[in-house]
Amino acid sequence: MSTGNLIIIGGAEDKTGECLILNSFVEISGASKANIVIITTATEKPIEAGSQYKSLFIGLGAGNVSFLNINTREEAESEQNAKLIAEATGIFFTGGDQLRITSILGGTKIYETLHQVWKSGAVIAGTSAGASAMSRTMIVDGNDNDPARKCTLKMAPGLGLLDRALIDQHFHQRGRIGRLLCGVAENPSILGIGIDEDTAVRVFPDDHFEVIGSNSVMVVDGKSIMSSNVSELMPDENLAIANVVLHVLPAGYGYDMVNRKVLRVEEKQWK
């Protein structure tokens, strides 16, 4: 079964200059033949966010763009809304609160349709909260600029589009390495992926990703951890981890999430 691509954006992506990340999304969605649906569920300002991204995507050459504010679970069960998603070649989740995305869409007709169109080859992208929601388990909350402590992290089920990783966004800009390390210590089988602002990973159907944008992505691989005290911690105690592996990857690099290997990639048109 074929699947589509994911574009997972660390937030604050360029909207006034070259717009490399957003342009990549439009190109992969089909450019002038694209049918893009913007889902504004995460934000408290859906009209403003939807209108902004609609204007941007049209300016970048997208053929058809609409936005959909699904604000209740009743709306997430709507046949009409599901039909809009089913016909999309690209779906874009705005920022806001990732728990709104999963608590409103989880288990509904919209949720099922999202998975169906992605498996059929559509592109699903998300920025900031929309990025965190991509993984099967997502970070909901945690302290910024704080040492790694058990209390720095709260997690919940995500949309389940990315199995092998835990996503964090606004990563270096908000000092979130402590909470990502805690997440990996709690579940060393998954990768921690911290994505900087104006930076994204494009995840391909074979589960490798390539970095797009002006900053970097940190990969935290906990498979090699020899020991940690995460199961012994009281909430405010400092975390100890031995032998964790970190990679910092700018554009021109990628990562094989199956074999856990850093990749060098050539510059290319994102099609």
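Start by selecting Phe92: this residue is buried, at 0% relative accessible area (buried means under 20%, exposed over 50%, partly exposed in between, with a 1.4 Å probe and protein chains only). You're looking at a predicted model, where local features need pLDDT of at least 70, side-chain atom pairs count only at pLDDT 80 or more, and totals for chains, interfaces and linings use all residues. Residues are numbered from 1 along each chain as its sequence is written, and side-chain values use heavy atoms, leaving out hydrogens and water.

Next, pick Phe25, which is buried too, with a relative accessible area of 1%. Phe25 and Phe92 make a tilted aromatic pair, 5.6 Å centre to centre with 50° between the planes. (Rings of Phe, Tyr and Trp, the last by its six-membered ring, pair if their centres lie within 6.5 Å; planes under 30 degrees apart are stacked, over 60 edge-to-face, the rest tilted.) Phe25 sits in helix H1 and Phe92 in strand E4 (residues 90-93), so this pair ties together parts 67 residues apart in sequence. Helices (H or I, at least four residues) and strands (E, at least two) are DSSP runs, numbered from the N terminus.

Finally, bring in Tyr53: which cluster does Tyr53 belong to? Together, Phe25, Tyr53, Phe57 and Phe92 form one aromatic cluster.
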